[in-house]
Structure formats: structure tokens, C-alpha cells
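This briefing sets out selected geometric features of a model. The sequence and structure are shown first, and the remarks follow by topic.

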Amino acid sequence: METITTETVRAETLDGGRIQRVVLDAGKGNVIGMRVIRDLRDVLGRVSGARQLCAIVLDHAGDHFSFGASVDEHVPGQVEEMLPRFHALAREVLAARVPALCAVRGMCLGGGLEVALLADRVFAAPGAKLGQPELLLGVFAPIGSALLPRRIGSFAAADLLLSGRVVGAEEARALGLVGEIAADPGAAALAWARQHLAPKSASSLRYAAAAARLAWSEAFLADLARLEETYLTDLMATHDAREGIAAFLEKRKPSWTDA
């Protein structure tokens, strides 16, 4: 088995190159910061072009898929670099045109859920918890805002995006956010890839993946660009966005001014 290892991500070549298992291994909570984004982009760029590749299975080390994006890197002076890099990752995943599956155990929150949303099918453990709690910090989730309505419908998406509440695996499945619940979601994702993807033509799968995403991908990318500008130019100019981030980092209750 061929393995690519970076500081926070590793990729394992399986089934003669038909499947790449990409493992997020960034320490406690798999917090997604610029280092993780860099490594994910590096690894995906190195493996996704293989001619025989039929599926990418995104899995994770540790008890939790991800606690979310690094709040430290959302402060003014850093978020202007971090957010565009994160969104570049989303664009590259779609541009690769490789079917993507995601295995989730434990918490899958904020930027972690945004990464999972880029997959074509999500497999979750019974105890998994998924949510977009960004608004609790006075900000919003650009990828989640652009993708959730396309995945689960506008009203269900608004529920999660505006409340910031976290849902369990069963509710996530009922919403259409999760495709399958399994005691071992990583094994279930690999089994699904082996049954449904690996036996097929890899080149035809790329066309099929692009076709399956066509109804939403171009509009999603356009919306994401607008939301990135809104986030960096308008939202981060407000008191409450800066206050919410600062309060989280200082472990105190935010003092909102509604401005």
C-alpha cells in the first residue's frame, strides 16, 4: 500500500489505485487551519489526477471528524488569507471530478461540516453530531451557506445556519445531510466505493461526477465568491463579528452591540 504523509494529512492508495483513502490527522479535534488546508490541497492535488482513480474516501484519525475551522485564524489580519485558501480547496475538490465519500465520527462542526459537504455521500457513526454553529461566534459559514440549501433544501438549511444548532446522525440522515449511518463509517464508505465505484471506468466516472454536480456546482462557486467578499469586506468590518471571535478566544460571553 502506497502512502503519502504530510504534517496533518495522509493518503493511502488502495485496490490498485482505484481508491484513495485520505485521512485527516491534525491532533485533538482535527481543527482546520491553514496548515490543514495546505496539506489537504497538497495531498488531493497529488492523488486526484491518477488515471485509474475511482473514488476518494475522506476519513479521520481520533474521535472527532473536526471541531471546525481554527478560530485563531479568523481574527482580522489572518482571516483575509485563511478564507480564500479554504475556498480554493472547495474549488479544487470540484475541479478534480472524482467521486468523494466522507466518514464522520464524533463532532463535525463548522468548517469541518463544510469540508464534509464537499463529498458526494456522507457516512456517519450513530453518535455523530453535525452543525454550523458559526453564528454563535457572530460570523457565518460561506461554504455552508452556499451548499446546504442545495443539499438539504432552503428551509432546512436556514434552520441549521441561523440557529447554529447541532443535529445527531439520525436527524442528519432524515434531512439528507447523511447518506448512511454505520457503526464504522470509514469501513462503510470503503465498502460502498468498492461495490459502486471501483468496478466502473474511472474516466467515465469523472464525466459522471461532473454531470451529477452540474446542476449546482457553477452557481455554488459564483455564490461562494460573493459570500467570501461579503464576509471579508462587510461582516468583518462589524463590531459584533470581531467581538464574537475575540470572546471565544478569551473564553467569555460576547457583548453584542447589534452593529
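Helices (H or I, at least four residues) and strands (E, at least two) are DSSP runs, numbered from the N terminus. Aspartate 258 lies in the segment after α9. The model is predicted: local features need pLDDT of at least 70, side-chain atom pairs count only at pLDDT 80 or more, and totals for chains, interfaces and linings use all residues. Residues are numbered from 1 along each chain as its sequence is written, and side-chain values use heavy atoms, with hydrogens and water left out.

**Positive phi values**

- Most residues other than glycine have a negative phi, and most peptide bonds are trans.
- Aspartate 258, a residue other than glycine, has a positive phi near 65 degrees.
- Aspartate 258 is exposed, with a relative accessible area of 72%; exposed means over 50% relative accessible area, buried under 20%, and partly exposed in between (1.4 Å probe, protein chains only).
- Asparagine 30, in the loop between β3 and α1, also is not a glycine and has a positive phi of about 45 degrees.
- Asparagine 30 counts as buried because its relative accessibility is 1%.

- Helix α1 (residues 34-47) has 14 residues and spans 20 Å from its first C-alpha to its last, close to the expected 20 Å; the expected span is 1.5 Å times one less than the number of residues.
- The buried residues of α1 include Met34, Ile37, Leu40 and Val47.
- Among the elements that cover the buried residues of α1 are β1 (3-5), β4 (55-60) and α2 (79-96).
- In helix α9 (residues 239-249), buried residues include Asp240, Glu243 and Ile245.
- At the start of α9, a side-chain oxygen of threonine 238 comes within 3.3 Å of the backbone nitrogen of alanine 241.

- Rings of Phe, Tyr and Trp (its six-membered ring) pair if their centres lie within 6.5 Å; planes under 30 degrees apart count as stacked, over 60 as edge-to-face and the rest as tilted.
- By this rule there are three aromatic pairs.
- One of them, tryptophan 216 with phenylalanine 220, is edge-to-face, at 5.9 Å centre to centre and 65 degrees between the planes.
- Both residues lie in helix α8 (residues 202-234), four residues apart, and both are buried.
- The charged end of arginine 97 sits over the ring of tyrosine 207, 5.0 Å from its centre; this requires NZ of Lys or CZ of Arg within 6 Å of the ring centre and within 35 degrees of the ring normal.
- Arginine 213, in helix α8, counts as buried because its relative accessibility is 3%.
- A polar atom of the arginine 213 side chain lies 3.0 Å from the backbone oxygen of valine 98.
- Beyond its neighbours within four places in sequence, arginine 213 is in contact (heavy atoms within 4.5 Å) with residues including Arg97, Val98 and Asp120.

**Nonpolar cores**

- A nonpolar core is a set of buried Ala, Val, Leu, Ile, Met, Phe, Trp, Tyr and Cys residues joined through side-chain atoms within 4.5 Å.
- In the largest nonpolar core, of 68 residues, Val22, Leu130 and Leu177 touch the most other members.
- Helix α2 gives the most to this core, with nine residues.
- Apart from this core lies another, of 16 residues, among them Ala55 and Ala182.
- Leaving aside neighbours within four places in sequence, leucine 177 is in contact with residues including Leu113, Leu130 and Ile152.

Key. A polar contact is a pair of N or O atoms within 3.5 Å; within protein, one must be able to donate a hydrogen and the other to accept it, and residues adjacent in sequence count only if both atoms are side-chain atoms.
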